[in-house]
Each structure stands twice: as C-alpha cells, then as structure tokens.
Amino acid sequence: MTTDYSPRLFERDNDIRTIGEGLLACTLPRADWTHEAHLGACLWLLSERLDIDVDAQIGTIIRRFNESVGGVNDDTQGYHDSITRAYVAGVRLFLSETEETELAARVNAMLRSDVGRRDWPLRFYSRDLLFSVTARRRFVDPDLAPLPA
C-alpha cells in the first residue's frame, strides 16, 4: 500500500550538512527534524561521516537529540529502532545504486525514490508488527520480506 507523497527537497548541500551537524550537536530545532531531515541526515552520516559507526550509534544519536529538544523516547513516541534500521538499509541500498555526486542531488533523488517514501518500511513489515512496542524498542526482523542487504 502506498500513499501520495511530495517530499520537501533541499536546495544546497550545506542545508543537509547543517541538519546532520545539528543532530549530532543537539542544536537542530525540533521543528526541523522532519522525515526528509531524518533521511538526509542518514545519507550524510553514511556518506560523509565515516568516523561514525551508524549501525552502532544511530539509536544513541537520535535518542539523545530527541531528549535535547524535550522529546520522550518511550513505548509510544520518540526513537523507533525498527523503522530507523529499515531506513538505514534503504539509504545504503540507494547509495549503492546512485550515480549522483552532489549531496543535495543525492538526497533529493533518494527522497523522490521508493526509499524516500514515508510508507517504505511497510513493504517489509506488517503494520501490526512495525508499530508494536517491541519493534519500537529494538530491531525486529520484518515479517513480509527481508530488508535489502
């Protein structure tokens, strides 16, 4: 099941770097932490911040940011491990297939692709499993199809 989706695109490479750096420094305004910002920051981390082990650190990075802007990471809100890790797999897949070299062009192409869709993880997970407390708290394997390797 898919829905219509028109992503907010980025004009400049620096706009994405500012989001990523703000995420890491916990200085990004909460209102700027959009779906597009999540994916842009993930692509930036995977492609330009090779000093960060995204798989090992992404949960800590996002949880810390959420708390810094007054958010809560609990059973119903804040960091969602399975959704995040599904998107990390999707961003990696996208990076392996893209020929774009400029950061904004790569992020915008990804946001326009299937990987950029808000419902993309539902290609792999049933709604019940994906939105369960267990899937929010820790990564659970998809029940419909394997995530891209």
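Helix α2 passes helix α5 in a right-handed crossing (near helix turned clockwise from the far one by less than a right angle; helices are DSSP runs, H or I, of at least four residues). The model is predicted, with local features needing pLDDT of at least 70 and side-chain atom pairs pLDDT 80 or more, whereas totals for chains, interfaces and linings use all residues. Numbering starts from 1 along each chain, and side-chain values use heavy atoms, without hydrogens or water.

**α2 with α5.** Helix α2 covers residues 35-48 and α5 residues 103-112; their axes (lines fitted to C-alpha atoms) lie 10 Å apart at an angle of about 130°. From α2, the contact (heavy atoms within 4.5 Å) draws on Glu 36, Leu 39, Gly 40, Leu 43, Trp 44, Ser 47 and Glu 48, and from α5 on Leu 103, Arg 106, Val 107, Met 110 and Leu 111. Seven of these residues are nonpolar, two polar and three charged (Asp, Glu, Lys and Arg count as charged, Gly as polar).

**α1 with α2.** The axes of α1 and α2 come within 9 Å, crossing at roughly 90°. The two helices are therefore roughly perpendicular to each other. On the α1 side, Ile 16, Arg 17, Ile 19, Gly 20, Glu 21, Leu 23 and Leu 24 take part, facing Ala 37, Gly 40, Ala 41, Trp 44, Leu 45 and Glu 48 of α2. This contact comprises eight nonpolar, two polar and three charged residues.

**α1 with α3.** Helix α1 (residues 13-25) packs against α3 (residues 54-68) at about 80°, with the axes 8 Å apart. That angle makes α1 roughly perpendicular to α3. Gly 22, Leu 23 and Leu 24 of α1 meet Ile 61, Arg 64 and Phe 65 of α3. Four residues here are nonpolar, one is polar and one is charged.

| Helix pair | Angle | Axis distance |
|---|---|---|
| α2 and α5 | about 130° | 10 Å apart |
| α1 and α2 | roughly 90° | within 9 Å |
| α1 and α3 | about 80° | 8 Å apart |

**The largest pocket.** The largest pocket has a volume of about 560 Å³ (1 Å grid, 1.4 Å probe; an open set with protein on both sides within 12 Å along at least five of seven lines, lined by residues with an atom within 4 Å of a point). Its lining holds 26 residues, and His 35, His 38, Ile 83, Thr 84 and Tyr 87 are the closest to the centre. Helices α2, α3, α4 (81-97) and α6 (127-130) each supply at least two lining residues, and α2 gives the most, with six. By class, the lining divides into 16 nonpolar, seven polar and three charged residues.

Methods
Axes are lines fitted to C-alpha atoms, for helices over the stretch in contact, and angles run from 0 to 180 degrees between N-to-C directions. Angles under 35 degrees count as roughly parallel, over 145 as roughly antiparallel, 65 to 115 as roughly perpendicular and the rest as oblique. Grid points are joined across faces, edges and corners, and a volume is the space filled by probe spheres set on the points.
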